Amino acid sequence: MIEIRMHGRGGQGTVVASKALGIAFFLEGRYIQSYPQYGVERRGAPVQAYLRVAEPGEEEFVRSQIYEPDHIIILDPTLLDQINVLEGLKPGGWVVINSPEPPEKLNIPDIYNVATVDASAIAIKYRLGTKAQPIVNTAILGGYAGATKLVSIENIKEAIKQVVPIKPEENAKAAEEAYHSVKIRNASEVKV
Amino acid sequence: MTTAMKKVLTGNNSVSWGVKLSRVQVISAYPITPQTTIVELLSEMVANGELEAEFIKVESEHSAMSAVIGASAAGARAFTATSAQGLALMHEMLHWAAGARLPIVLANVNRAFGPPWSIWTEQTDSLAQRDTGWIQIYVESNQEALDNVILAYKIAEQVNLPVMIVLEAFVLSHTNEPVEIYPQEMVDEFLPPRENPLYVVEPGNNYAVGSLGGPDVYMEWRYKMQKAMERAVDVIKTEGENFGDHFGRKYGLYEGYMLDDADIVLVSAGAFTSTVKYTVKHYRKETGEKVGVLRLRAFRPFPHDALREALCCRKKVAVLDRNISFGHHGIFYSELKSALYRLKDDKRPPMFGYILGLGGRDITPKDIREIIEDVKTREEIEEDIIWKGVKP
């Protein structure tokens with residue numbers, strides 16, 4: 001089972017991203033469960049969404065929250081300074097983050113794989129959201145697929161077209177560009 | 001025949017799809033979190049012509065229930081949905097719907113009552129409607145939510161009693177998972193248009209519904225309601241099997257999981273049972289101890305005989321209640337104790353009642369594992385409530 005936790009801010013499309021990534025894995029033939037943080041979301045406030053992906057052929061999950069994720073996806077880099085976004089992440093796990101910086105520049109422990117992608121710039125390029133508040137949720141998924149290679153970019157694009165209400169083509173292109181431009185720093189040898 | 005399609009849906013939208021496939025004719029509802037997205041999708045389906053139904057907007061849940069009572073009395077297949085505070089506001093009319101013997105289906109998304117204000121899950125809201133004369137069925141997954149809306153009409157229209165489908169807030173209502181959506185013609189074969197209503201109020205066919213029932217007739221009305229409830233036990237069982245034959249998914253009065261040889265049985269209802277099952281499966285693998293799960297589905301009618309048979313002679317039974325009856329104890333625990341009373345002393349297992357997860361507090365595999373360990377240390381019932389996870 002893969003457990004993924006997504007961090008964003010209310011209004012960025014974090015919940016839609018968790019559903020789209022879930023559908024992408026579903027299109028790969030995997031059983032999934034995705035859900036938002038059980039709260040009262042407000043625009044701009046930190047929000048979380050969760051995704052579980054079953055092993056091929058399996059179809060059962062717990063229904064509790066995710067405390068020890070395998071992967072973390074961060075839509076807003078300013079969250080790094082505000083909350084402990086890495087809490088519970090398993091050693092050897094992935095951190096995929098929206099940032100213009102190379103992974104080495106982010107002060108993330110070397111027990112984790114880190115991938116950065118400038119999802120904000122990509123979103124602005126494809127006119128997703130506004131310049132002040134770009135909608136980065138589809139670009140970051142492309143970055144996730146490019147870094148982890150656990151799900152194909154074709155299925156990411158198909159999933160985006162299914163769940164994104166406006167500009168589906170532009171959103172799919174943003175994901176594609178992020179897929180190809182993601183920068184990776186692998187974890188150093190870890191004892192798990 | 002076209003094949004079924006699988007879609008990733010929330011629990012709430014699975015209910016909406018169940019309503020659409022049941023060809024419901026009248027929907028009336030008032031929005032309340034966490035129910036709202038059920039009727040939101042239905043209103044879209046009605047607006048874009050996918051579902052041929054009247055959507056009646058009202059100013060309160062009391063009016064919503066009143067509107068579907070009128071529609072059902074006029075012979076229509078009617079639906080509403082609500083949660084907690086909204087269900088409580090319907091309370092008077094819940095009695096009315098059952099007393100008028102109307103096969104309405106209501107989806108209740110379990111939400112804790114305020115104050116303190118809460119939108120999170122707890123089963124007390126639906127369980128507090130125990131004595132209204134409604135059949136109540138608790139579901140565990142989104143697929144079961146969709147399936148049981150269809151099944152609910154099948155049951156309701158045979159026994160002329162309303163049915164409440166109960167699903168947990170967020171844990172199910174807002175959780176996405178793959179759900180099979182059946183072709184319409186396949187559902188039509190299982191659930192034809194509403195047949196043989198007890199009565200139909202329509203122009204030229206005048207009835208007074210709800211007139212005075214004096215002491216000379218009232219008791220017989222209640223006797224008949226009870227008989228219909230008793231009959232519902234068999235109908236739920238039979239139609240659950242028929243559903244399995246037709247759609248490939250069978251539903252019973254309850255569900256057993258690793259139950260056959262279990263010495264210790266954990267009893268729960270609703271979506272968090274997934275976490276119970278998962279933990280029990282792993283616990284068995286690690287320890288070899290015979291732990292099993294009994295998931296309650298029908299709460300009214302309460303299937304006394306089936307549960308007595310299922311739990312007879314077990315070493316221990318632990319009931320996990322995400323609800324409470326103040327001044328008494330966990331509601332499922334209390335009901336189950338009463339069902340097992342008729343077992344002989346040497347066949348009646350000691351029962352332990354745990355209360356956990358109130359107001360949406362997360363129920364984790366660790367909690368379940370600790371409960372299993374705790375049950376193992378207990379022999380006699382020393383207290384009727386064992387609180388799990390209350391902060392000091």
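This is a predicted model: local features need pLDDT of at least 70, side-chain atom pairs count only at pLDDT 80 or more; totals for chains, interfaces and linings use all residues.
**Chain contact**

Together, chain B and chain A bury about 2,000 Å², with 57% of that area on carbon and sulfur atoms. Chain B contributes 24 residues to the contact and chain A contributes 21 residues. On the chain B side, V8(B), N176(B) and D362(B) account for 26% of the area buried against chain A, more than any other three residues. Two salt bridges are counted between the chains. R63(A) and E177(B) form a salt bridge through their side chains, at 3.2 Å from N to O.

**Salt bridges**

Over all chains, the structure holds 36 salt bridges.

| E144(B) | R297(B) | 2.6 Å |

E144(B) is buried, at 3% relative accessibility, and R297(B) is buried at 2%. Both residues also belong to a network of salt bridges that includes E140(B), E255(B), K277(B) and R295(B).

For the second pair, R284(B) is buried with a relative accessible area of 17%, whereas D261(B) is partly exposed at 39%. In the third, D345(B) is exposed at 61% and R348(B) is partly exposed at 30%.

**Helices in chains A and B**

In chain A, helix α3 (residues 137–148) packs against helix α5 (residues 168–181) at an angle of about 35°, and their axes are 7 Å apart. Residues of α3(A) in this contact are T138(A), A139(A), G142(A), G143(A), A145(A) and G146(A), while α5(A) supplies N171(A), A174(A), A175(A), A178(A) and Y179(A). By class, the contact has six nonpolar, five polar and no charged residues. The crossing of α3(A) and α5(A) is right-handed.

In chain B, helix α11 (residues 331–340) has eight of its 10 residues buried, so the helix is largely enclosed by the rest of the structure. Among the buried residues are F332(B), Y333(B) and E335(B).

**A buried loop residue**

S83(B) sits in the loop between β4 (78–82) and α4 (84–99) of chain B. S83(B) is buried, because its relative accessibility is 0%. Beyond its neighbours within four places in sequence, S83(B) has contacts including I32(B), N108(B), R111(B) and D125(B).

Technical notes
Residues are numbered from 1 along each chain as its sequence is written. Chains are lettered from A and ligands numbered from 1 in the order in which they are written. Side-chain values use heavy atoms; hydrogens and water are left out. Axes are lines fitted to C-alpha atoms, for helices over the stretch in contact, and angles run from 0 to 180 degrees between N-to-C directions. Helices (H or I, at least four residues) and strands (E, at least two) are DSSP runs, numbered from the N terminus. A crossing is left-handed if the near helix is turned anticlockwise from the far one by less than a right angle, and right-handed if clockwise. Contact means heavy atoms within 4.5 Å. Ala, Val, Leu, Ile, Met, Phe, Trp, Tyr, Cys and Pro count as nonpolar, Asp, Glu, Lys and Arg as charged, and the others, Gly among them, as polar. Buried means under 20% relative accessible area, exposed over 50%, partly exposed in between (1.4 Å probe, protein chains only). Buried area is the accessible area (1.4 Å probe) that two parts lose on being put together, summed over both. A salt bridge is a side-chain nitrogen of Lys or Arg within 4 Å of a carboxyl oxygen of Asp or Glu.
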